[in-house]
Amino acid sequence: MPRRKKREIRDYGKYFWVDPATGYSYARVQVPTDARDKNGKIKYKTIKRRVKNLTEADQTARELLDEHNDRGQAFLDGRAMTFQKLSDWYKEEFAVPPVYTNGKKIAGMRSWENEHQKLDRLCEVFGKYLIEEVDEFLLRRYKLKRIKGGVKPATVNREFETIRAMMRKAVKKKWLKEMVDFSELIDKSLEERRTVTITDEEEKRILEEAKKMNYAPRLYPLIIALRDTGARPSELYPVNDYESDYGSGAETNFEPLRWRDLFDEDGNIKDVTRLVSYKGKVREERLCVVTERMKRAFLDLWNYLKYDRRAKNTTPEHQAELDNLVFPQTSFQSAWEVVREKAGLKHVRLRDLRRDFRSRLARLGMPDTMVQRMLGHQTMQMSFNYTEFDLAAAAIVKKMLDTENAGVTETKSENN
């Protein structure tokens, strides 16, 4: 066997090692693991990191040993952990259905399904990277590519918020030494605030088209309910939720409107009912008015489901029964897209009707504090963000100013 060249076996120092195959220089250390061999002896693992020279190798090696002393087995696990593995762990431990006790969320996420979908998309890009390699520069390049590709900044911000939450957990588990700095990656100033309201004429067109939707008889009363209550969609129907059991005591993250919430003991629809929502970790219950046109729309839907032969094949859980949901569907998106397109309002979303309701109350002179409570907003700033100075408000201001100006003109004429 030929003798190896002397330079390949030369002792470069305690921690300095040169790979004979590549010629690259490394700091190399051996650290104990939690594993043991068949004789019960502790197994050791070799860790190496690229360096430029002997001095840097000595410094880097001491840093590696210090990290192992501080983080133990988690240090070794973290060095081998990919973004995909971290994502799978995060899904299993934290992105799970919510659990409520006494109206408060004690675990899980209300949007856990959306979180899973978001993580799957991120893993398509970062899945094979080690978590130590997912740094600020890699994320910055990803952000630029996404925005140049037409993705809205708000969407990218939500993705980075998920990555940040996941990395925080990795730091707590000591798989990561430190967090990526997200202060410049998550930029709220780039997000566009929704400013959509609708006029009375636009509302008329929407309702006319919704009434024609024979295959979606619930859409018309839903639009009126959203328009006249400012309800969150999830307070009326289980938005994008697939929980099959909404019976008494069911642990769900929705308590949508039921028929029994609308009718009084005499069989008449009440003037006021209650809506339930889950914001953050708390279950909220608030009063909701039932306008006269809401009553007519609800009664028409009830009678249609009860007596119209076109509804005879309605499934039991969708029938007009007091314990059933008024709006049992998880989504009205398909029917709504048809209505808004025919009405010439492609930009309007169902959730915009809540924003529009806030502006309507402001135009009617409802005190801000009362509107805040009515909408279930936690802060006045949130309620303010929902208020728009639209054409209808401008018309009211013009009328008020014209009236005042007329009075000033008349006073001047009298004085003259």
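Begin by selecting lysine 48 and tyrosine 26: the charged end of lysine 48 sits over the ring of tyrosine 26, 4.8 Å from its centre. A charge counts as sitting over a ring if NZ of Lys or CZ of Arg is within 6 Å of the ring centre and within 35 degrees of the ring normal. The model on display is predicted: local features need pLDDT of at least 70 and side-chain atom pairs count only at pLDDT 80 or more, whereas totals for chains, interfaces and linings use all residues. Residues are numbered from 1 along each chain as its sequence is written, and side-chain values use heavy atoms, with hydrogens and water left out.

Remain with tyrosine 26, which lies in strand E2 (residues 25-36). Helices (H or I, at least four residues) and strands (E, at least two) are DSSP runs, numbered from the N terminus. Tyrosine 26 is buried, with a relative accessible area of 12%. Here buried means under 20% relative accessible area, exposed over 50%, and partly exposed in between (1.4 Å probe, protein chains only). Then select arginine 50, which lies over the face of tyrosine 24 at 3.9 Å from the ring centre.

The next stop concerns aromatic rings. A pair of aromatic rings is described by the distance of the centres and the angle of the planes. The structure holds 16 aromatic pairs. Rings of Phe, Tyr and Trp (its six-membered ring) pair if their centres lie within 6.5 Å; planes under 30 degrees apart count as stacked, over 60 as edge-to-face and the rest as tilted.

Select phenylalanine 126 and tyrosine 129. Their ring centres are 6.4 Å apart and their planes stand at 55°, so the pair is tilted. Phenylalanine 126 is buried, at a relative accessible area of 1%, whereas tyrosine 129 is partly exposed, at 33%. Because phenylalanine 126 belongs to helix H4 (residues 112-126) and tyrosine 142 to helix H5 (residues 136-148), the pair ties together parts that are 16 residues apart in sequence. Tyrosine 142 is buried, with a relative accessible area of 9%.

For a cluster of rings, select Tyr237, Trp259, Phe263, Phe298, Trp302, Phe327 and Phe332, which are linked by ring pairs.

Proceed to lysine 174, in the loop between helix H6 (153-172) and helix H7 (200-211). Lysine 174 has a positive phi of about 70° although it is not a glycine, and this residue is partly exposed, with a relative accessible area of 37%.

Next, select alanine 297 in helix H10 (residues 292-307). Alanine 297 is buried, with a relative accessible area of 6%. Its C-alpha atom is separated by 7.5 Å from that of tyrosine 220, a residue 77 positions away along the chain.

Finally, select helix H12 (residues 352-363). Its 12 residues reach 17 Å from the first C-alpha to the last, close to the expected 16 Å; the expected span is 1.5 Å times one less than the number of residues. How many of the residues of H12 are buried? The helix is mostly covered, with 9 of its 12 residues buried, among them Phe357 and Leu361.
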